[in-house]
Amino acid sequence: MKLAVIVTTYNRPDALAAVLEGYRAQLDRDFALIVADDGSTADTRALVEAFATDAPIPVRHVWQPDEGFRAAAIRNRALALTAADYVIFTDGDCIPLPHFVRRHRRLAEPGWFLAGNRVLLSEDFTRRVLAARLPVHTWTTRDWMRARARRDINRWIPLLSLPDGGFRRRTPHEWRGAKTCNLSAWRADLERVNGLDESYSGWGLEDSDLVIRLLHAGVQHKSARFAAPVLHLWHRENDRSRLPENQRRLDELLGSKRTAAASGLSQYR
């Protein structure tokens, strides 16, 4: 199957550089990478263009003007650019391990979306990783156990690997915990629900909205935990002033059977 990875970013080229190196090191290189840029300055474009010159994978950069937090819109724009059969969503501060793409591909199954998890890096450790350009995507389990002992990370257990099995389908209707920092789905299913809903304003819950509408459409939740984690670099908390309104929208969705985004992917076709 044709596969694309969509990485969302905003004005954090140092973190994005570390993430891109993680994609350079993927064991599965049969994928396209789209950097979905939510209004960054020219530094980010320059970084992506430089990376693309010698990357082992095709790389594209899609940008929209900076008009506040509009992650749903830039993901939809990126999704509209690709003809991939299967799409992985993640963020520009989430470093993938070398098997990340391969594991998502192997676990992909018709009628299901995949939700993975993350290991959180501390503020101080994140600063050191970026300043020294530490290749943490190559670290061993022993390295991560030591990092946990130093409190550089919140946990190391998610870095352990388990094969596919029935336990991954144990909570097929669960939407909580599934986030677009580590989420993959079939393009046909994303089109059926009209992508992400751009009605959400500011940070928060637009990814939960997508997952709930996928569930309403009959697409079930399969776990990618203990298979395809990401290393989440520390960042300051986003402005959450719009969260109450976004929560109201989500509550309305939960009380309905609606599947299609009110303002979504269809506007870019």
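This is a predicted model: local features need pLDDT of at least 70, side-chain atom pairs count only at pLDDT 80 or more; totals for chains, interfaces and linings use all residues.
Which residue in β2 is the bridge partner of V7? The partner of V7 in β2 is V35.

**Strand β1 and its partners**

- Strand β1 (residues 3-9) pairs with strand β4 (residues 86-91) in the parallel sense, over six bridges.
- Within this pairing, V5 has I88 of β4 as its bridge partner, and I6 has F89 of β4.
- The pairing of β1 with β2 is also in the parallel sense and over six bridges.
- Seven of the seven residues of β1 are buried, so this strand is largely enclosed by the rest of the structure.
- The residues L3, V5, V7 and T9 point one way from β1, whereas A4, I6 and T8 point the other way. Residues of both groups are buried.

**Helices lying across the sheet**

- Together, β1, α1 and β2 make a right-handed β-α-β unit.

**An enclosed helix**

- Six of the eight residues of helix α4 (residues 100-107) are buried, so α4 is largely enclosed by the rest of the structure.
- The buried residues of α4 are F100, V101, R103, H104, R105 and L107.

**Two packed helices**

- Two packed helices are described by the angle between their axes and the distance between the axes.
- For helix α8 (residues 206-216) and helix α9 (residues 243-254), the angle is about 5 degrees and the axes are 10 Å apart.
- Angles under 35 degrees count as roughly parallel, and α8 and α9 are therefore roughly parallel to each other.
- On the α8 side, S208, D209, I212, R213 and H216 take part in the contact, and they meet L250, L253 and L254 in α9.
- The residues of this contact between α8 and α9 divide into four nonpolar, two polar and two charged.

Note on methods. Residues are numbered from 1 along each chain as its sequence is written. Side-chain values use heavy atoms; hydrogens and water are left out. Axes are lines fitted to C-alpha atoms, for helices over the stretch in contact, and angles run from 0 to 180 degrees between N-to-C directions. Helices (H or I, at least four residues) and strands (E, at least two) are DSSP runs, numbered from the N terminus. Angles under 35 degrees count as roughly parallel, over 145 as roughly antiparallel, 65 to 115 as roughly perpendicular and the rest as oblique. Contact means heavy atoms within 4.5 Å. Ala, Val, Leu, Ile, Met, Phe, Trp, Tyr, Cys and Pro count as nonpolar, Asp, Glu, Lys and Arg as charged, and the others, Gly among them, as polar. Two strands pair if DSSP finds at least two bridges between them. Buried means under 20% relative accessible area, exposed over 50%, partly exposed in between (1.4 Å probe, protein chains only). A crossover is right-handed if, with the strands pointing away from the viewer, the path from the first strand over the helix to the second runs clockwise.
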